[in-house]
Amino acid sequence: MSDAPVIAPDTPENRDLRDNVRPSDWVNPQPAERYNLVVIGAGTAGLVCAAGAAGLGARVALVEQHLMGGDCLNYGCVPSKGIIRAARALFDARNGAQFGIRGGEGIGFDFGAAMERMRRLRSSLSRHDSARRFRDELGVDVFIGKGRFVARDRVAVGNRELLFKKAAICTGARANAPPIPGLAEAGHLTNETVFSLTELPPRLAVIGGGPIGCELAQTFARFGSRVTLIQTATQVLGREDRDAADILHSALVRDGVALLAGTTVLAVEQRGNDKVLRLERDGAGQEVAVDAILVGVGRTPNVEGLGLEAAGVANGPDGIVVSDALQTSNPAIYAAGDCCFPFKFTHTADALARILIANALFMGRQKTSALTIPWCTFTDPEIAHVGLSERDAREKGVPFTTLTVLLGEVDRAVLDGETDGFARVHLRAGTDRIIGATIVARHAGEMINEFSLAITGGLGLRAIARTIHPYPTQAEAIKKLADSHNRTRLTPFLKRVLGGWLQWQRR
């Protein structure tokens, strides 16, 4: 296929990646007479739809116009976590004095080697999402090219038309481009280009204090960039509890990030080799000169050019309009993932794809509103959350009680030197029913799963209290929360009764 893109930089690892996710010699198959399911988009949602449906015996066509694997593999979770791990290793090596490690700031760092490692690992993981695997191992008809609806039951790819019984729109989303005067002319990075860097920017401005902005601001600061993080809101990670966000704020500042909260970017100018951001903060003007600008201010659903009108599929500002069952305004067409759902996470796209398969192919009645959706921001420390926050519960009028355990009270966290953080649970008032939880810890993303399982399975905090947790682990913080709840059950009256019983036994 002559239009196969070059993935920058043009290295052996990226050529191997391209050979998996967009083979240059790919020949689209002859379409089947009719498909049970035609999937447009081969990101997480599309791949799970295609693989799951084919595994259940469906005849499936998968259409991808760019790179198999979508954002997660190529521009998101995989490359970002690859370099986050490198930054964490560097931070630990330079801050090991408390453990008797010498060297500190004198320890060297090779940005090119860290990026090469990321590209190599991304390439090795790309085999799972490769066009050849889906064709040869899973039996999916893979079409590389732009897919568009030409009728309510038909998708065209080039000069081929795919007739379907059901279709799934899984086209994902892309980075927002904020309307800042001069930004486009000066040039900027997004998550789709930042992982192509071969040299570390000496000075980097990050616009946006959400998960992407915070993760990459901290990472590049640890690598050695002078990072300025700019955001309009007064709090990073605005949907998290304030004290959780404050811990991260302090960690970013500790790592050298100049954090400008409550700040608006008025314009960007190119002055020689400098990109100059004109800012306004508390009514005062300010300028920041940098070598590169990274924008991380949200995502826009990919719905253009799909021929939605021909298919009778409605869409709006937030993407494809779907019901609780993921069905569009065309009963034969469903959607899943970032193109239609407010929670734009890889694990959510996976969960939605499973609902889509059940509902579209097997007359299921599964609902997205029944999902328990955790998330994690992979900074250091990580911030993980599931269920309702304190703000959510108040807005919904749900009565609740809150229990919090500081990591400084957990032996393993003390031994690890990782005491900045906490575990918190919200319970429906008067019960042990868990309605939400937040964990701030270095491995919070691993720890939150216990709460997610409890909420999904309808297990209360008492069940966690009865569960033996290995000692010493940081997850013991969760057991401590459960023990704290048990102690609240020991009312003064009950304590008197038990004390009387024990006194009687001593006679």
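View 1. Buried means under 20% relative accessible area, exposed means over 50%, and partly exposed lies in between (1.4 Å probe, protein chains only). The model is predicted: local features need pLDDT of at least 70, side-chain atom pairs count only at pLDDT 80 or more, and totals for chains, interfaces and linings use all residues. Residues are numbered from 1 along each chain as its sequence is written, and side-chain values use heavy atoms, with hydrogens and water left out. Leucine 326 sits in the loop between strand 17 (319-320) and strand 18 (333-335). Helices (H or I, at least four residues) and strands (E, at least two) are DSSP runs, numbered from the N terminus. Phi of leucine 326 is positive, about 75 degrees, although the residue is not a glycine.

**View 2. Leucine 237, with a positive phi.** Phi is near 50 degrees in leucine 237, a residue other than glycine. The loop between strand 9 (226-230) and helix 9 (242-254) holds leucine 237. Leucine 237 counts as buried because its relative accessibility is 5%.

**View 3. Two cis peptide bonds.** Proline 9 belongs to the segment before helix 1 (12-21). Another runs from tyrosine 471 to proline 472, with omega near -5 degrees. Proline 472 lies in the loop between helix 16 (461-465) and helix 17 (476-488).

**View 4. The largest nonpolar core.** This core has 65 residues. A nonpolar core is a set of buried Ala, Val, Leu, Ile, Met, Phe, Trp, Tyr and Cys residues joined through side-chain atoms within 4.5 Å. Val39, Val60, Leu62, Met68, Phe149, Ile169 and Ile320 touch the most other members. Helix 2 (residues 44-55) gives the largest share, 7 residues. A second, separate core has 36 residues, including Ala86, Leu248, Ala261 and Phe422.

**View 5. Around valine 60.** Leaving out residues up to four places away in sequence, valine 60 touches Tyr35, Leu37, Val39, Ala50, Ala53, Ala54, Val140 and Asp141. Contact means heavy atoms within 4.5 Å.

**View 6. A nonpolar surface patch.** Leu490, Phe493, Leu494, Val497 and Leu498 form the patch, with about 450 Å² of accessible area together. Patch residues have over 30% relative accessible area and no salt bridge; like charges are joined within 9 Å, nonpolar side chains (Val, Leu, Ile, Met, Phe, Trp, Tyr) within 5 Å. A salt bridge is a side-chain nitrogen of Lys or Arg within 4 Å of a carboxyl oxygen of Asp or Glu. Accessible areas come from the Shrake-Rupley method with a 1.4 Å probe; for residues, only the protein chains shown count as cover. Leucine 498 is in helix 18 (residues 492-505). Its relative accessibility is 41%, so leucine 498 counts as partly exposed.
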